Amino acid sequence: MRVYCAKNYKEASTLAADLIAAQILLKPDSVLGLATGSTPIGAYQRLIAKYEAGELDFSQVKTMNLDEYRGLDGENPNGYRYFMNHQLFDHVNIKKENTNVPDGKKDPTQACGEYDAKLERTGGIDLQLLGLGHNGHIGFNEPAEEFSKTTHCVDLSESTIEANARFFDSEDEVPRQAYTMGIKNIMTAKKILLVATGEAKADALYKSLYGPITPNVPASILQLHPDLTVVAD
Ligand code: GLP
């Protein structure tokens, strides 16, 4: 595990963007596993700046996002497909057909089955970007009795609903379920880049990196990944 300690969110975002850019430069047809939430926005902005400066080419890049709310379609401003289009994809030369987010409008069996099949077809994720939930969740893998394996439908915990309510008009509008890649999908990525900033994440980050490996803190399994980079402030 490599841990980079940044001064603040801005520096953490620059570091994360540099690592993602390096991945694309070294392997232009990389499969990137991408994340939503507020954490990666700064890194995405820096990637866009690199693209605009002619330093980065996304034309062969493929992406697989971690998760999507059940019931939200690609046009819904609170959905993760919409988020990715607006925060990154619309601003770089990535081919939209090479970008993948679970389909929130399909039923769980179909949406999750299709997503696992897509993951399989990509040949594996080269670099998986992760944020961290306040309860140690990654993707939408909430604290549980067991580590999950493949893409599945989850019931969101109260704390996650509360934390994500800031993106919605009210807490009532936050979907109660989501589709997420499983822990095994995430752990299969060749490299993992975990970004966590702010005091509110300090406890979850500490437990994830230095606490016991337990499904009660889903991110703790990352300690077992052979190529984990952590960027925190
Ligand atoms: C959501 C996403 C996660 C993300 C988490 C933290 O629950 N499903 O992938 O890591 O939020 O979000 P934030 O970066 O806004 O704190």
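The radius of gyration is taken here over C-alpha atoms, and the globule rule is 2.2 Å times the number of residues to the power 0.38. With 233 residues, a compact globule would have a radius of gyration near 17 Å, and the 16 Å of the protein agrees with that. This is a predicted model, in which local features need pLDDT of at least 70 and side-chain atom pairs count only at pLDDT 80 or more, while totals for chains, interfaces and linings use all residues. Residues are numbered from 1 along each chain as its sequence is written, and side-chain values use heavy atoms, with hydrogens and water left out.

**Overall build**

- The protein has seven helices and ten strands; helices (H or I, at least four residues) and strands (E, at least two) are DSSP runs, numbered from the N terminus.
- The C-alpha trace spans about 45 × 40 × 35 Å along the principal axes of the protein.
- Of the 233 residues, 52% are buried, where buried means under 20% relative accessible area, exposed over 50% and partly exposed in between (1.4 Å probe, protein chains only).
- Among contacts with a separation of 6 or more, 78% come from residues 24 or more positions apart; contact means heavy atoms within 4.5 Å.

**Nonpolar cores**

- A nonpolar core is a set of buried Ala, Val, Leu, Ile, Met, Phe, Trp, Tyr and Cys residues joined through side-chain atoms within 4.5 Å.
- The largest nonpolar core has 55 residues, and those with the most contacts inside it are Leu-47, Leu-88, Leu-194 and Leu-222.
- Helix H1 (residues 9-26) gives the most to this core, contributing six residues.
- A second, separate core has twelve residues, including Tyr-69, Tyr-80, Ile-161 and Ala-178.
- In soluble globular proteins, nonpolar side chains tend to be buried together.

**Packing of H2 and H3**

- Helix H2 (residues 41-52) packs with helix H3 (residues 80-87) at an angle of about 40 degrees, and their axes are 10 Å apart.
- That angle makes H2 oblique to H3.
- Angles under 35 degrees count as roughly parallel, over 145 as roughly antiparallel, 65 to 115 as roughly perpendicular and the rest as oblique.
- Axes are lines fitted to C-alpha atoms, for helices over the stretch in contact, and angles run from 0 to 180 degrees between N-to-C directions.
- On the H2 side the contact is made by Ile-41, Tyr-44 and Ile-48, and on the H3 side by Phe-83, Met-84 and Gln-87.
- By class, this contact of H2 with H3 has five nonpolar, one polar and no charged residues.
- For these classes, Ala, Val, Leu, Ile, Met, Phe, Trp, Tyr, Cys and Pro count as nonpolar, Asp, Glu, Lys and Arg as charged, and the others, Gly among them, as polar.

**Buried strand residues**

- Leu-194 is found in strand S9 (residues 191-196) and counts as buried at 0% relative accessibility.
- Leaving aside neighbours within four places in sequence, the contacts of Leu-194 are Leu-130, Gly-131, Leu-132, Leu-205, Leu-209, Leu-222, Leu-228, Thr-229, Val-230 and Val-231.
- Leu-194 and Ile-138 are 56 residues apart along the chain, with 9.3 Å between their C-alpha atoms.
- Val-154, in strand S7 (residues 152-155), counts as buried at 9% relative accessibility.
- Not counting residues up to four places away in sequence, Val-154 touches Phe-140, Arg-176, Gln-177, Ala-178 and Thr-180.
- From Val-154 to Ala-178 the C-alpha to C-alpha distance is 5.4 Å, and the two are 24 residues apart in sequence.
- Gly-33 lies in strand S2 (residues 31-34) and is buried, with a relative accessible area of 0%.
- Gly-33 touches Met-64, Ile-125, Leu-127, Gln-128 and Leu-129, residues up to four places away in sequence not being counted.
- The C-alpha atoms of Gly-33 and Asp-126 are separated by 7.6 Å, the residues being 93 apart along the chain.

**A loop residue**

- Glu-55 lies in the loop between H2 and strand S3 (62-65) and counts as partly exposed at 47% relative accessibility.
- Not counting residues up to four places away in sequence, Glu-55 touches Leu-25 and Lys-50.
- Glu-55 and Asp-172 are 117 residues apart in sequence and 43 Å apart in space, C-alpha to C-alpha.
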